[in-house]
Amino acid sequence: MSCMKSCEEYRNDIIEWFEDVAGRAGDVQTETLHRILELNCGVEYLKNFFGDINYVKEVDKIALESLYTSSVPLSSHADFEPYLQRIADGETDPLITQEPITTLSLSSGTTEGRQKYVPFTHHSSNTTLQIFKLAAAYRSRVYPTREGGRILEFIYSSKCFETRGGVTVGTATTHVYASDEFKIKQQQTKSFTCSPKEVISSGDYTQSTYCHLLLGLHFSDEIEYITSTFAYSLVQAFRTFQEIWREICNDLREGTLSSRITIQDVRKSVLDIVACPNPSLASRVEKKCNELEGNDWAGLISEIWPNAKYVNSIMTGSMQPYLSKLRHYAGGGLPLVSGDYGSTESWIGVNIDPFLPPEKVTFTVIPTFSYFEFIPLRRRINNNYQECSSKSCSGGDDFIEDDPIPLSRVKIGQEYEIVLTTFTGLYRYRLGDVVEVAGFYRNTPKLNYICRRNLILTVNIDKNTERDLQLVVKRGSQILKTSASRTEIVDFTSHADVANQPGHYVIYWEIEGEAVEEGVLRDCCREMDASFVDHGYVVSRKSNSIGPLELRIVERGTFKKILEYFISNGAALSQFKTPRCTTNPVLLKILNDCTVCKFYSTSDGS
């Protein structure tokens, strides 16, 4: 009883801390910037703008904030690449931080087509621990979990490597799962992952997924909730379960481990847990699976893990297309709780309203994690392209920018691009995320994630973002749902084909279920073409300077091949996001080689 009381007090303490800093968000941000500059005063990057003056000692905190934002220009990853490469090559001079950087994160490469180095320090893992605990405290108020219970976590590390300068490189999630903070998180939240570290760090996502599922069933009565970094990983895991559940049940019955698990330390760590045969559990799971198989696996999670309180994962942005399938697996009564908002560069906001569905979630900015600025964005209306001459417009997208403002000056209903200054050595770094201020919690903003800033589809004067593409694919998929066949989209991507004139959009679908009549797919193609509302696209289609949209259906398993391509190049499943538009020749070859049929829109663009 005393332990439960102390845990409750601990949760209350961290929420009380957050409420305090949220109430003083403007002052806390000024203090946060001062701390960052105090810690990194004199680094080479900042000397480019401040020279040798000791600005931290010579200027008060408020004046320092003004001096910093007027002296240091906005930056992108390209500005830091030379410094990060020098760090990777072993240079130990204070280039971007005074503290030596011995670890670099590797971005997944799925957003921009190539992997990038990002600095990772103790502050990175510490803020990860902090946001995990804070989010868990808010979730526990709505969905109380039993202390000492288990978490079915589909988490994956990739293999790390050392640069020639002796710097360890791996994905951010890999560094987090290997950190002391990850162990502390389990101890302090009194919730423990099912899988040992050997499974998480195996480097083979197929073997890890099998073991996660097996151990999840072994501890099925103890599972309090189910989680993964991204919704994609959860859907992928449960699709795999549909294929291999009989093999897993055999392992449960016999107290054995499938021969597909070939990594010896993984075999040993799992067999140490499941070596005792459990025929009654195997029979119970088999009975459930036979019933679920006849019902298209609806309610899989709640049936197999009846004590689970919720499913937790990042479900916004590029993960939204997987919500429908995840809801199908969860069943009607099991809540989907959106995870928190962050990037490889920094955590940004926490979900303090876990009772809200993912479509309505907002992220409350944590003002101690980084110094945040916001670039006000306005959308150009129709063909008013001339506005760009008087205001700054970023390369080719549909936004007009104003000057960045601090967190304390953002307004409800306004869209912004986030700019970060981090403890890890990124200064006025344009993140590329577009957010909308939905409201405030005390004095810190609550953000809706809108989309990535970078344009993904353009042929002529058309400008369509990832969000535009998602909405169009959703419209097309609704025709599939209303057709007689029980068919759904597994995944999708796109490509702007400008090799032939007129250029046109190509959208690739992988679908599963019953056979679909060609007429239905033609209707889907036409609906998507007609659903793009960007003025440049509409005008260009009417004038035939953009050709009819093309829908290509690819064979089953195509997007798994894309996943395997990224995994083989160092990405971790925990960080994988299907590219929603690609110019990568390897991916295009996979997609085109796997195309089984294609359709062209009959819409005339009017």
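Predicted model: local features only at pLDDT ≥ 70, side-chain atom pairs only at ≥ 80, totals over all residues.
The side chains of Glu518 and Arg522 meet in a salt bridge, with an N to O distance of 3.3 Å.

- Glu518 and Arg522 both belong to helix H18, which spans residues 518-531.
- The two residues are 4 positions apart, about one turn of the helix.
- Glu518 has a relative accessible area of 46% and is therefore partly exposed.
- Arg522 is likewise classed as partly exposed, because its relative accessible area is 42%.

- Glu293 and Arg246 form a salt bridge through their side chains, at 3.2 Å from N to O.
- Glu293 lies in helix H14 (residues 279-293) and Arg246 in helix H12 (residues 231-254), so this pair ties together parts that are 47 residues apart in sequence.
- Glu293 is partly exposed, with a relative accessible area of 35%.
- For Arg246 the relative accessible area is 48%, which means that this residue also counts as partly exposed.

**Buried pair and salt-bridge network**

- A salt bridge joins Glu550 to Arg552, and the closest N and O atoms are 2.6 Å apart.
- Glu550 counts as buried, because its relative accessibility is 1%.
- Arg552 has a relative accessibility of 13% and so counts as buried.
- A network of salt bridges links Arg239, Lys325, Glu488, Glu510, Glu512 and Arg556.
- As a general point, side chains of opposite charge can pair when their charged atoms come close.

- Glu222 is located in the loop between helix H11 (205-218) and strand S7 (223-230).
- With a relative accessible area of 30%, Glu222 is partly exposed.
- Leaving aside residues up to four places away in sequence, Glu222 touches Arg146, Gly149 and Arg150.
- Glu222 and Arg146 are 76 residues apart in sequence, and their C-alpha atoms are 8.9 Å apart in space.

**Backbone features in loops**

- The peptide bond between Gln501 and Pro502 is cis, with omega about 0°.
- Pro502 is situated in the loop between strand S19 (487-497) and strand S20 (504-513).
- Asp296 is not a glycine, yet its phi is positive, at about 55°.
- This Asp296 lies in the loop that runs between H14 and helix H15 (300-304), and Asp296 is partly exposed at 36% relative accessibility.
- Arg428 also has a positive phi, about 50°, although Arg428 is not a glycine.
- The loop that holds Arg428 is the one between strand S16 (415-421) and strand S17 (429-441).
- Arg428 is buried, because its relative accessible area of 5% falls under 20%.

Notes: Residues numbered from 1 in each chain as written. Heavy atoms only, no water. Buried < 20%, exposed > 50% of the residue type's maximum accessible area, 1.4 Å probe, protein only. Contact = heavy atoms within 4.5 Å. Salt bridge = Lys/Arg side-chain N within 4 Å of Asp/Glu carboxyl O.
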